[in-house]
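Please consider the protein shown below.

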Amino acid sequence: MQGLRTVELRPETGAGAADASGFAPSAVRPARTQSATPLRHRLPGAARRALRAGLRMLGEEADHGGLLLFSPVFLGSGAAFWFLAASDFPIVTSLICLSVLMVAIPVIGSGRTVLRATLLALALVVCGMLSAQFETWRASTVILDSAVTTTITGRVERREGDDRGRWRYILAVTATEAPTLKRPPERVTAIARGADASFEIGDIITGRARLTPPAGPALPELNDFSFGAYFDGIGANGYFYGAPDKVDVQAGPQAAASTSEALLEWLYRLRSGIGDRIRSVLPGDTGAFAAALVTDERRAISNETTEALRQSGLAHIIAISGLNMALSAGIFFVGFRMLLSLFPGIAQAYPTKKIAAGGALLAVTAYFLISGFAVSAERAFIMMAVMLIAVFFDRPSISLRNVALSALVIIAISPSEVLGPSFQMSFAATLALVSGYQLWKDRRVRENAFLKLPIVRPFVAVGGFFAGVFLTSLIGGFSTALFSIEHFHRLTAYGLPANLATIPIISFIVMPAGLLAMLLMPFGLDALPWKVVGFGLDLVIAVAKTVSGWGGGIGIGRLPGWYFAVAVAGFLLMTLLRTRLRRIGTAVMTASTLVLLVLPSAHSPDLVISEDGGLVGIVEAAAMASTRERPPNFIFDQWQRALVLPTHHSPKMLDGPAIPEADDRRLQLSPDQREEARSAMQAAAANGEANRFSCVKKAWCISRLANGKVVTVIDNAAYLGPACDVGNIVVTPVRLRFDRCRSRATLFTGETLRRTGSVELRFTDDGPQTVTAFSTLSRPWMRHRAYDWRSGSFAESSPPGVNDSGE
């Protein structure tokens, strides 16, 4: 009875409340008792053990500093989310969200670990978004709206020569004329040919030049080069017609506007002088290769050697990255410490290890300052600096925390680099190598007396070195494969043997001799060490050309966007976690790859159009037919890699109607000329091979597709009428003020393509599907496409339709 009274007097609320008699309904009482039971007690035994193990491992990850390791991931994710969004986020909203999170984190205290970690992660994401927005405001680059020929005057800020005697200048534009640009870019790159001597940094030069905006994506979802140009401060690219002239021949280089710019230009001048010195001792590709290893000036290397290095998987040697920085710091550290050990008084009285670390830090700092500040060099320098500073405090040099700290610094300074291949591939390789090193260090080692014998030790050391090179190359190759596919759409099959052959040469010949040459260069005694460097680099080039001759380049093509995001998440879990939870990352990568292989691949486009309308391609199973006999490499190479099209079908050239006099792209044809052109187009479409273009030079191209539709491409607007009459799809690079034909044929003009970017067309049973590179132009690096120089404003609406007087 006492038990019954206890039940009767217990208050009930909510769904299980007692009725008027004071008793809870019997149907409700068991449900309340079950809901009060913790989840872990209601699971089966195996599930309970797995849950306990998972919670224990999560605790170990937290104790190991898991939030610090993942903080660059959250910060970079916020920056990437902001950059990839369709429009800017209101900064007030972001600041309010960050303020709320920063208040909530201390309020909840340290008891609710999961909730606290979640709020910290969200705060990092918002910080990443804000850093991206601040970097965009800080850049504020004015990008040229459309191609133009004008006379530019500017001050040389940087220069770099190539293997054909041309010089690429970065100019701070001071004036434009004939025509005067209403919205001139502040800084441009221009290639000069035919000059007797290169101009010095600080010179004011002028010349007639052709300027174009930075290129957009060659195909939808490919790399937008205007994005990188915007954050590099480059508003246009171009070339001079003939050699430019120095404004004042007698005047010397003009001083920079500020102390920081003067210091930066002094570094560039020093960098250029070092490159010139190296190339004077080692001519040809060998000297250009050596200069690239020191100053990161790569344009002087011939295309043949560059392609051989790329195909053999050795292109990373050219970039000043972790390998170069680690070797230079390690060689200086070991050499300086050995030198100090020769003096017993110093070795016994002072911490030689820390002194050597300080010297190595100064060496890599100097290396970074003359390297051109590439993101790979920046990442490697910060990483090496953190490692060497850790020596001062007797902390482990190689750790994931050091990688995380360097990533945080780079993302905070330049969040736009998160989307670039250099940042992604360099950190992927570093993460994988450091994670692999941790696993190797934590392994169980069984002592073997045989391996300690004096006669065996040299062989063990040599074998260990090559085993290390093998594992390093293997881990580095696998870790960067995903990012190579995403950005370059191909893999290198023979990178492992090429790296096994060249890394010892770089480690024992090139870098030690190069470091010695740089130390002796101020005294003019560097010629002999550079000869040794040249000998080693000749061997590297020979290996690269041999391996590239084997072929082995594997074309992958574009992959679905979801796969890259999921696979990267799996990769980060696999490398950043230290417990068995990292197997989740392996499972995620494996499962996503299997899904990708099982699911049917996306249908390739049937027709592709470049962003300026100057190149059109018809896509078949393993080939592409284009409108050019020699299509521009910059665009066409990206098409071939993204669509995996090794074969190119050139157009069939015809003898057609003469081009109107004066080659006026808007000149109207006479009725007879129009009829003649219409008949010629009809005959070419009917008699020509399907999916192949037939072209009249500087006039028009036409092709009948396999589905019966006709595509016409006109270089001259005078042929627009016949092209619209004959074709179903009409493309012209001319910037017309209308976007449709009277015949209802689909029309792509230079004006519409300027706003949409490159175009893909797929012909389905439901009609043609059009995919464009840009859907909106609201982001700062896209806004120049909507600028109308006639009105001096940004036009957001699409071009008007054809009127009665236009065709």
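**Disulfides and a buried arginine**

Cys 701 is buried, with a relative accessible area of 9%; here buried means under 20% relative accessible area, exposed means over 50%, and partly exposed lies in between, computed with a 1.4 Å probe on protein chains only. This is a predicted model, in which local features need pLDDT of at least 70 and side-chain atom pairs count only at pLDDT 80 or more, while totals for chains, interfaces and linings use all residues. Residues are numbered from 1 along each chain as its sequence is written, and side-chain values use heavy atoms, with hydrogens and water left out.

The partner of Cys 701 is Cys 695, and the two are joined by a disulfide with an S to S distance of 2.0 Å. The term disulfide denotes a pair of cysteine sulfur atoms within 2.5 Å. Cys 695 is likewise buried, at a relative accessible area of 3%. The link between Cys 695 and Cys 701 is right-handed, with 115° about the S-S bond.

How many disulfides does the structure hold? There are two. Another disulfide connects Cys 724 with Cys 741, again with S to S 2.0 Å. The torsion about the S-S bond of Cys 724 and Cys 741 is about -45°, so this disulfide is left-handed. Cys 724 belongs to helix α26 (residues 720-726), whereas Cys 741 sits in the loop between β17 (729-731) and β18 (746-748), so the pair ties together parts that are 17 residues apart in sequence. Helices (H or I, at least four residues) and strands (E, at least two) are DSSP runs, numbered from the N terminus. Cys 724 is buried at 3% relative accessible area, and Cys 741 is buried at 6%. When bonded cysteines are counted along the chain, the disulfides follow the pattern 1-2, 3-4.

Cys 97 is partly exposed, at 37% relative accessibility, and Cys 127 is partly exposed, at 29% relative accessible area.

Attention now turns to Arg 159, which is found in strand β1 (residues 148-161). Is Arg 159 buried or exposed? At 10% relative accessibility, Arg 159 counts as buried. Its side chain makes a polar contact with the side chain of Ser 198 at 2.4 Å. A polar contact is a pair of N or O atoms within 3.5 Å; within protein, one must be able to donate a hydrogen and the other to accept it, and residues adjacent in sequence count only if both atoms are side-chain atoms. The side chain of Arg 159 also reaches the backbone oxygen of Phe 199 at 3.3 Å.
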